[in-house]
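Thanks for coming. I will go through one structure today, a few parts at a time. Please look at it first.

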Amino acid sequence: MQALRALPSVDQVLLSAIGQELVERHGRALVVAAVRARLEAARATIREGAAGAELAADIPLLVAGDLARAARPKLRPVLNLTGTVLHTNLGRAILAEAAIEAAMAAMANPLALEFDLDGGGRGQRDDHLRGLLCELTGAEDATVVNNNAAAVLIALNTLGQGREAIVSRGELIEIGGAFRMPDIMTRADVRLHEVGTTNRTHPRDYEGAIGPETGLILKVHTSNYRIEGFTAEVPAPRLAQIARAAGVPLLNDLGSGSLVDLARFGLRREPTVAEAVAEGADLVTFSGDKLLGGPQAGFLVGRRDLIAAINRNPLKRAVRLDKIRIAALEATLRLYLDPDRLTERLPTLRHLARPQAEIAAQAARLAPRVDAALAPHGFRAGVCDCASQIGSGALPVDTIPSTGLRLTGAGGDAPDRLSARLRALPVPVIGHIHDGALILDLRCLDADEALTGALAAL
């Protein structure tokens with residue numbers, strides 16, 4: 001068939017200018033496979049009646065597009081304009097420049113990770129963080145694992161294996177990904193002993209539950225929900241007294257955990273790690289990649305003997321951190337030694353503390369430029385007020401006044417259509433749909449050009 005004979009051979013495509021450039025960029029094997037796939041698709045199209053000569057001219061360019069799409073990283077940077085500062089599905093905290101530089105140095109060089117430069121013998125990787133954590137929290141000792149779920153798991157297993165952990169029914173949390181505290185207890189080989197009710201737990205409930213099988217008392221900060229109305233809980237200082245009188249340790253899981261008072265930024269007060277330590281908890285666990293603003297990690301701070309026991313647990317090696325995250329965490333923690341400049345240097349706190357007036361001015365600048373970019377595609381942009389939230393389970397019912405761009409178009413499905421197009425951009429733009437429009441909350445947009453540059457690819 002003449003149309004089929006008009007198609008180029010694999011070698012002809014490879015020897016073309018585009019083909020040679022593709023081989024240089026992607027390697028011969030990938031290019032050959034892509035050319036064969038396109039030729040097979042062209043043959044099928046010709047059998048359905050298409051003209052072979054027209055298809056032949058398109059083959060090299062089609063192959064180039066196929067290879068470019070295949071080479072695009074699966075894990076791609078996006079613009080987080082959802083209004084959720086610590087968006088779990090978008091990677092939570094953006095690292096500070098100091099942390100990025102430290103991580104890059106760790107990737108590019110050998111490090112004294114477990115080597116004592118003073119004595120020349122073997123060192124401990126946690127030593128790079130221990131002093132900073134103790135200084136910032138007031139704890140006797142500290143250790144670190146790969147996330148807060150691991151921190152809770154290893155603490156429960158170390159303190160209560162084969163025994164009971166007493167916890168209020170109102171604190172049996174579930175967080176994202178079906179992480180449930182009772183399930184973690186089961187995996188830690190700890191028996192759950194529930195006390196109180198969903199809305200009210202009293203000191204007598206804990207005191208009455210303590211017995212020979214008690215391994216620990218667990219307090220869980222309910223950061224991702226709030227129970228209001230006819231409620232009662234036992235404050236951490238009182239719970240510490242009960243635990244101390246009974247001779248059992250108190251583990252306080254703060255979840256997100258914060259090293260600074262969020263009230264400085266106009267947010268509701270959350271308990272800080274230093275406060276939890278001062279209130280008498282024997283161990284405190286918290287995250288590194290949420291309010292702290294660092295890479296994913298789980299911290300355990302508290303009594304020296306308990307930290308030593310955790311470090312002896314065989315699980316510790318399974319959940320330890322690598323050199324890259326340790327380097328980034330050390331750089332992040334050092335920023336907290338200079339609290340006056342923290343919001344300048346730490347993106348998480350900078351975004352949370354950003355004044356609405358500054359965001360509104362940015363929206364006013366961007367609205368006409370975004371409108372001009374969208375108008376040829378049937379959409380319009382205007383300024384709107386909106387509300388941001390912290391995310392990752394922190395202060396779930398609290399919002400922060402913000403300003404954004406309200407994107408609209410014809411038809412009831414316009415927000416979904418536009419959202420899909422923005423997600424398909426080389427740098428995807430992620431907003432949220434509300435009240436018949438796609439809203440781009442600008443709280444986390446550091447530079448106007450990031451958005452206008454992304455939209456230019458429309």
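How many bridges join β11 to β12? Ten bridges join them, and the two strands run antiparallel. Before I go on: this is a predicted model, in which local features need pLDDT of at least 70, side-chain atom pairs count only at pLDDT 80 or more, and totals for chains, interfaces and linings use all residues. Residues are numbered from 1 along each chain as its sequence is written, and side-chain values use heavy atoms, with hydrogens and water left out.

Some terms. Helices (H or I, at least four residues) and strands (E, at least two) are DSSP runs, numbered from the N terminus. Two strands pair if DSSP finds at least two bridges between them.

Back to the sheet. β11 and β12 belong to an open sheet of four strands in the order β11-β12-β15-β14, with antiparallel pairing. At the edges stand β11 (379–388) and β14 (432–434); each has a single partner strand, so one side of each is left without a neighbour in the sheet. From one strand to the next, the twist averages 40 degrees; axes here are lines fitted to C-alpha atoms, for helices over the stretch in contact, and angles run from 0 to 180 degrees between N-to-C directions. In β12, R406 is the residue opposite G382. Helix α19 lies across β11, β12, β14 and β15, and runs at about 45 degrees to β15.

Next, strand β7 (residues 214–220). Is it mostly covered or mostly open? Mostly covered: seven of its seven residues are buried, meaning under 20% relative accessible area, with exposed over 50% and partly exposed in between (1.4 Å probe, protein chains only). β7 pairs in the parallel sense with strand β3 (residues 164–168) over three bridges, and A165 has L216 in β7 as its bridge partner. Four bridges join β7 to strand β8 (residues 250–253), also running parallel. There, V220 stands opposite D253 in β8.

Last, two helices. The axes of α3 (residues 17–26) and α4 (residues 28–47) come within 7 Å and cross at roughly 130 degrees. α3 and α4 are therefore oblique to each other; angles under 35 degrees count as roughly parallel, over 145 as roughly antiparallel, 65 to 115 as roughly perpendicular and the rest as oblique. L22, V23 and H26 in α3 meet R28, L30 and V31 in α4, where contact means heavy atoms within 4.5 Å.

That is where I stop.
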